[in-house]
Amino acid sequence: MENLTFSFALWIIFLSSFTLSLNSITTDKHALISFKNSITSDHYDILSTNWSQNTSVCDWIGVSCGLKHLRVTSLNLSGYDLVGTVSPHLGNLSFLRYMDISSNSFTGMLPYELSKLRRLKVMNVGANSITGEIPTWLGSLPQLEELYLFNNTFFGTIPVSLSNNSKLQMLYLSNNQLNGSIPHAIFNLSSVIEIRIRNNSLSGCLPSDMCNNMPNNVKILSLSYNRLEGQIPPNIWKCKHLEGLSLSFNNFSGNIPREIGRLSSLIGLYLGYNNGSQGGIPAEMGNLSRLEILSIASASLTGEIPSSIFNISSLTQLCLNDNRLSGWLPSDMCNNMPNNVKILSLSYNRLEGQIPPNIWKCKHLEGLSLSFNNFSGNIPREIGRLSSLIGLYLGYNNGSQGGIPAEMGNLSRLEILSIASASLTGEIPSSIFNISSLTQLCLNDNRLSGWLPSDMCNNMPNNVKILSLSYNRLEGQIPPNIWKCKHLEGLSLSFNNFSGNIPREIGRLSSLIGLYLGYNNGSQGGIPAEMGNLSRLEILSIASASLTGEIPSSIFNISSLTQLCLNDNRLSGWLPSDMCNNMPNNVKILSLSYNRLEGQIPPNIWKCKHLEGLSLSFNNFSGNIPREIGRLSSLIGLYLGYNNGSQGGIPAEMGNLSRLEILSIASASLTGEIPSSIFNISSLTQLCLNDNRLSGWLPSDMCNNMPNNVKILSLSYNRLEGQIPPNIWKCKHLEGLSLSFNNFSGNIPREIGRLSSLIGLYLGYNNGSQGGIPAEMGNLSRLEILSIASASLTGEIPSSIFNISSLTQLCLNDNRLSGWLPSDMCNNMPNNVKILSLSYNRLEGQIPPNIWKCKHLEGLSLSFNNFSGNIPREIGRLSSLIGLYLGYNNGSQGGIPAEMGNLSRLEILSIASASLTGEIPSSIFNISSLTQLCLNDNRLSGWLPSDMCNNMPNNVKILSLSYNRLEGQIPPNIWKCKHLEGLSLSFNNFSGNIPREIGRLSSLIGLYLGYNNGSQGGIPAEMGNLSRLEILSIASASLTGEIPSSIFNISSLTQLCLNDNRLSGWLPSDMCNNMPNNVKILSLS
């Protein structure tokens, strides 16, 4: 009876347990069915076909059950391309230990119900689109060891509650939108092995004691691509088992802590791209004996690279590029790290010296980048022994020299060879073209010469994609077999000396995307029609290549074109009326300027609806500008000027170009008014309509709509009238304003003084202008050029003008300005002013002696005024002076200061009609740079130095000393001024014979020797050698004897004036045989 009772009890217990288990597995099944129902897309039909109500959940794909209770313990649906939300019913899987739904497309938030998964050890929801804040309840999962939330859109801060997960080993939060600081408590998790929180927006500093509590386990600390700041904690060394440390792309500041050198387990170290970093590379890093990757690029590193770094034998990658490292590379740098290093990237530094020849011992190098440094000397031949090399970058080294070693042709795995801007000379070794693995060959910007091999594409046809040889001295023809490089995507041969026609075979390069053939001195012929077959071509640039003929219509059929640059050639013909029918969707740049194209601009140009730049200037286009251009809504730059046959006005429709920044239609014979719509284009930065026949008034509100952007407003050489609008100041960013050569009237508006960005101001040559210079112009603190010549200006020059320290040119000539120049005029503008042109005014008083403080003056013109007194000696201190004009001042007096002889750069000295007295200082004739010396119409006396042409023989072209009181003989050595074109010594007191040596002045065009009281003798026959002479004037010079027949053999003569002398003899019967075509004046009376 007892046994029966016991058996019955066991049966009851078993039945209860079975019923509980059955209910539990049913709960799991319902949970998974609910999860299945939350899936909106099941790309592979996994759940829809396999998760059947008729089978056990333990047999479903992705589901695993425990053996004891037959409960779901694992859910792994990673990478099944599922779309939907995470069902809250998953929280009913109470035995779940492992959940992986990563690499799907789940959206929404993680449901709170998952907090019931008390047995969960691994949660992986990475690589989805889950959003919301990271749930705080994750910290209540007591068994959680691994948490993967990477590659989602979680936002907000990292919850402190995660530090409650005392068993947590893996924390992956990378690639989200997290912000705020990393909770200090996270670093107190002694169990953690890997922390990966890269690519978020985390800020704040790392705790100084971050490695005190998690030192024994943490192996990976990846915090790159955040906004962390402060110093890298020196106690980082206490995380002594760290194998990977990534802190790059943050805002860490200060020096790299030396203590990092104690992280003996470190394999990968990434510290680059931190804005505030500084200092050098600690030598202690050389102790990292297991280090494989050292990357500290763009970290403002200075100093030398410690030699200990090159002793790390485990290194595979050393990336220190984009710093300011200096010094030499050790000659034995590859002795200790030869077997492992694959990447050596040291570009963009200040390294110098030779590239170590023993570089070949780094025999497993795959990438070597030493470009943008100061390496000098030849490229070592030994580089040709680096048989594993894939990428080689040696360009942009200031001190490099020599040629390309032929041994480089042995680099059989090389894919990229880039040695641009390295001062390379000689020919390109043919072996380079035998490297069949090459994909990019960039040797541009050197001095390479020679011909390209005719078979250059026989051995490297299948791989090469980029061939950049521009900016060299290569010559000969472009090889027709270039088509065998059939995978070429970029071909740049511009800026060389290639000659001959462009080979038609280029049209067979079906993969070509960019083609640059311009600026070759010897090129000729036309554009091959076959180029129209380049169906993938995006950029076609053949500028300045002496191209002739018409543009083949096939070119306009390339639908992929984005840039067509054929400017600066001699192309002719009409543009096709349907040119934009086939290439409308892509073309952005159409540059055809500086050619001989004619006909009308096609009205269907508007179909190239994505055009951003259109340049048709300097051609022979005729007719009106088509209104349809106003439909090019993407246009940024429009250049239509300098077309001989253009006519009509500016279409009002151009005002619709809402993105237009540059509108340049200069010298296009435009008539009519400027449409007001043009001034409504708010994006305009440059408006250049100069050199036309535009008329009308400028709108009074012209600067209301385009105030913020316009920088250049050039309307000179037109027929505009009315007042300059006072609201011009609203164009507050104007840097250049040119309104000269128009009919503007009235006063210059004071408001111009509010244009604080103005650099160049041109208001001269306006017929109706009046009034004075507004004192407010002195506020233009950035002004460099002020030109208001011939503008009927009156009154004094405001002293404020001379306070503009930025002025380089002040041109106020040809006005009616009066008053004195300030004595301190050069105190405030001494360092910049180069041109001071105040001639043709009514200025008076003395020339200020402190003029010398304008020490960079190159041109000084004060002529045709009323200046009085002596020429200040201090002018001799203007050592940069090139042109000096002081003549025609009514009140001037005194002599020429000898100090003027110190003006060693002076080319033009003009002090005519200035009442000068005394002798000409001999120092004047020592100025070797002089080309023009004009001292005529004064009262100068004395003799000309006998050696006057010894020091200034090579440059002087004009010597005008007439109308003075000079005496003595004309120096015979005058012939040493061998480039003289004009010699005027008339109306003086020169005596003696005309020196025969004048006949050696082979460049002479005008010779004036008459009206000298003491002259005598005859005309030297040698004057007949002056083969370029146009004017010979020796009137009233007491000449005797016959006129030499050689004079009548000068075929260039236009005027022969020998009147008022005592010449005798007969005129030659054939006197007009040799000078018949030019002579206009023959005065022998």
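User: How many salt bridges does the structure hold?
Analyst: The structure holds 8 salt bridges. Keep in mind that this is a predicted model.

User: Ok. What do the side chains of Asp28 and Arg71 do?
Analyst: They meet in a salt bridge, with 2.7 Å from N to O. The pair links distant parts of the chain, 43 residues apart.

User: Where do the two partners lie?
Analyst: Asp28 is in helix 1, residues 2-37. Arg71 is in the loop between strand 2 (63-65) and strand 3 (72-76).

User: Is Asp28 buried or exposed?
Analyst: Buried. Asp28 has 0% relative accessibility.

User: And Arg71, buried or exposed?
Analyst: Arg71 counts as buried too, at 7% relative accessibility. The cut-off for buried is under 20%, so 7% for Arg71 falls within it.

User: Why would such side chains pair at all?
Analyst: Side chains of opposite charge can pair when their charged atoms come close.

User: Next one. Which residue forms a salt bridge with Glu194?
Analyst: Arg196 does. The closest N and O atoms of Glu194 and Arg196 are 3.0 Å apart.

User: How do Glu194 and Arg196 stand for accessibility?
Analyst: Glu194 counts as buried, at 14% relative accessibility. Arg196 is partly exposed, with a relative accessible area of 26%.

User: What about Glu284, which side chain does that one meet?
Analyst: Glu284 meets Arg258 in a salt bridge, 3.9 Å from N to O. Glu284 lies in the loop between strand 20 (274-277) and strand 21 (293-295). Arg258 lies in the loop between strand 18 (250-254) and strand 19 (268-270). So the pair ties together parts that are 26 residues apart in sequence.

User: Are those two buried or exposed?
Analyst: Arg258 is exposed, with a relative accessible area of 58%. Glu284 counts as partly exposed, at 27%.

User: Switching to the surface. Which residues form a nonpolar patch there?
Analyst: Tyr963, Phe987 and Tyr1011. Together they have about 260 Å² of accessible area.

User: Where does Phe987 lie?
Analyst: In the loop between strand 77 (982-984) and strand 78 (988-992). Phe987 counts as partly exposed, at 30% relative accessibility.

User: Charged patches next. Which residues form the positive surface patch?
Analyst: Arg97, Arg119, Lys121 and Lys167 form it.

User: Where is Arg119 placed?
Analyst: Arg119 sits in the loop between strand 6 (105-107) and strand 7 (122-124). At 35% relative accessibility, Arg119 counts as partly exposed.

User: Now Leu517. Buried or exposed?
Analyst: Leu517 is buried, with a relative accessible area of 3%. Its place is in the loop between strand 39 (514-516) and strand 40 (520-523).

User: Which residues does Leu517 touch?
Analyst: Leaving out residues up to four places away in sequence, Leu517 touches Ile478, Leu493, Ser494, Ile502, Ile506, Met531, Ser541, Ile542 and Ala545.

User: How far apart are Leu517 and Asn643?
Analyst: In space, 26 Å from C-alpha to C-alpha. Along the sequence, Leu517 and Asn643 are 126 residues apart.

User: What separates the C-alpha atoms of Pro699 and Glu907?
Analyst: A separation of 46 Å, for residues 208 apart along the chain.

User: Last topic, backbone. What is phi of Asp45?
Analyst: Phi of Asp45 is near 55 degrees, a positive value in a residue other than glycine. Asp45 is in the loop between strand 1 (39-42) and helix 2 (46-50). Asp45 is partly exposed, with a relative accessible area of 41%.

User: And what is phi of Ser790?
Analyst: Near 50 degrees, a positive value in a residue other than glycine. Ser790 lies in the loop between strand 61 (785-787) and strand 62 (794-796). Ser790 counts as partly exposed, at 28% relative accessibility.

Note on methods. Residues numbered from 1 in each chain as written. Predicted model: local features only at pLDDT ≥ 70, side-chain atom pairs only at ≥ 80, totals over all residues. Heavy atoms only, no water. Salt bridge = Lys/Arg side-chain N within 4 Å of Asp/Glu carboxyl O. Helix = DSSP H or I, 4+ residues; strand = E, 2+ residues; numbered from the N terminus. Buried < 20%, exposed > 50% of the residue type's maximum accessible area, 1.4 Å probe, protein only. Patch = residues over 30% accessible without salt bridge, like charges linked within 9 Å, V, L, I, M, F, W, Y side chains within 5 Å. Areas by Shrake-Rupley, 256 points an atom, 1.4 Å probe, with all protein chains shown as cover. Contact = heavy atoms within 4.5 Å. Lys, Arg positive; Asp, Glu negative; His and termini not counted. Charge placed at Lys NZ, Arg CZ, Asp CG, Glu CD.
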